[in-house]
Structure formats: C-alpha cells, structure tokens
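User: I'd like to learn how to read packing in a model like the one below. Could you take me through it feature by feature?

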Amino acid sequence: MSTFSAEHDAILDAALHLALHSSWEAFSLQELADARELSLAEIARHFRSKDDMAEALFDRADAAMLGLPPDEDEALAERLLIRIMAWLDYLAPYKPLVRDMLAYKLEPGHFHLQAHGITRISRTVQWFIEAARWRPTGLGRILGELTLTSIYLTAVASFLVDGSDNLNTTRTLLRGLLERATRRCPRC
C-alpha cells in the first residue's frame, strides 16, 4: 500500500471515529485535520468534501462485497443475498452515520448529491450483478436490473431501521424479495 493510500485510509478512519462520537453533520473537517495533525490542504488532497468521505465508506462496502469468493453452486437469489448482506454487514457498525449521510444527501437543494446518489446506486447494483455472476441479456437484463435496484433500495431502507441481531429482519426480507423476483423472472 502506498503512503498516499495509507494516509487516505487513516483520514477516513479518523473521520468515521469522530463522527461516530457526535454525528456526521456535527464533526468538522477542521476537527479532523487537528486530530490527524494535518492542514486542511492536506485533507483536501485526499477528500474534496465530507461527501467524498461518505462515498469512500460506500466504496469500502463495495470492496467487502466484491472480496467474497464466487459460488456458482448457489442459486442466483442466494448469491445476490450473500453479496447484498455483505455490503450491509460492512456498513452495520456505521449505521448511524449512514443514516446521517443519506439524510444529508436527500436534503432539499442538494440536487448535485442526489444526482451523484443515483450513479452510486447504479454502480453498486452493477457490482452485485457481476459479483453474483449473473449474465442477463435483453429485456431480462433491463427488468432484472430494475427489480434488483428496487430490492436493494428496500433492503437499505430496512437496514437503516433494523434493530434485530445480525440484521435478521433485513436478511429475511431480502431473501423473500430475491426468491420471489428470481422465480418471476425466468429470463434473468
């Protein structure tokens, strides 16, 4: 790992730590710079904004999911379930921050963040498809991607309020949605 990458990760870890002890909105980039004994310019070399830090957290969730070994012996619904839950499990320790981050992105007037959020959702869904080794084509691909996006957003909404052990409520909901969707979509 390069020194730049190590510092990038250390800055993000410090930001998450600070925010977990207050809130995503309450912690400041100056507070982060002071904690890391860096200037704001040095922070800006790694992250242009707090939103870039939020995106880096979601990138880490993508990486955790993509790091799972492929298992083509499992049914498609199970492969997708395992990968979506790995993504959510990675974010579970940061759930209060994820709620704050998403609330900030959805505030009226944050159109630029909302547009970027659509891209983020699409990219993560594409990674789920690739990691699950799902190869839909034509109309099956279009309908499957729309269905999977809807299921993913439903799972994220459930995750944000799920107080059950090991996210069992979200896992059960997700399993049911994926099993129904893959039964209804034979071309997927």
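Analyst: Let's begin with burial: buried means under 20% relative accessible area, exposed means over 50%, and partly exposed is in between, using a 1.4 Å probe and protein chains only. This is a predicted model, where local features need pLDDT of at least 70 and side-chain atom pairs count only at pLDDT 80 or more, while totals for chains, interfaces and linings use all residues. Residues are numbered from 1 along each chain as its sequence is written, and side-chain values use heavy atoms, with hydrogens and water left out.

User: Which residues of H7 are buried?

Analyst: Helices are DSSP runs (H or I, at least four residues), numbered from the N terminus. In H7, the buried ones are Leu 113, Gly 117, Arg 120, Thr 124, Val 125, Phe 128, Ile 129 and Ala 131. Their cover includes H4, H5, H6 and H8, where contact means heavy atoms within 4.5 Å.

User: How do I judge the length of H7?

Analyst: Compare its reach with the expected span, which is 1.5 Å times one less than the number of residues. H7 has 21 residues and reaches 30 Å from first C-alpha to last, close to the 30 Å expected. Just after H7, Arg 133 takes a positive phi of about 55°. H9 (residues 168-184) has 17 residues and reaches 24 Å, close to the 24 Å expected for it. The buried residues of H9, among them Leu 174 and Leu 177, pack against H5 (76-91) and H8 (138-161).

User: Now the core. Which residues touch the most other members of the largest nonpolar core?

Analyst: In soluble globular proteins, nonpolar side chains tend to be buried together. A nonpolar core here is a set of buried Ala, Val, Leu, Ile, Met, Phe, Trp, Tyr and Cys residues joined through side-chain atoms within 4.5 Å. The largest one has 53 residues, and Trp 24, Leu 32, Met 53, Trp 87, Leu 88 and Leu 148 touch the most other members. H5 gives the most to this core, with 10 residues. Leaving aside neighbours within four places in sequence, Trp 24 is in contact with residues including Leu 16, Met 53, Leu 97 and Met 101.

User: Is Leu 91 buried or exposed?

Analyst: Leu 91, in H5, counts as buried because its relative accessibility is 1%. Not counting residues up to four places away in sequence, Leu 91 touches Leu 57, Phe 58, Ala 61, Val 98 and Phe 159. The C-alpha atoms of Leu 91 and Ala 61 are 6.5 Å apart, though 30 residues separate them along the chain.

Methods
Helix = DSSP H or I, 4+ residues; strand = E, 2+ residues; numbered from the N terminus.
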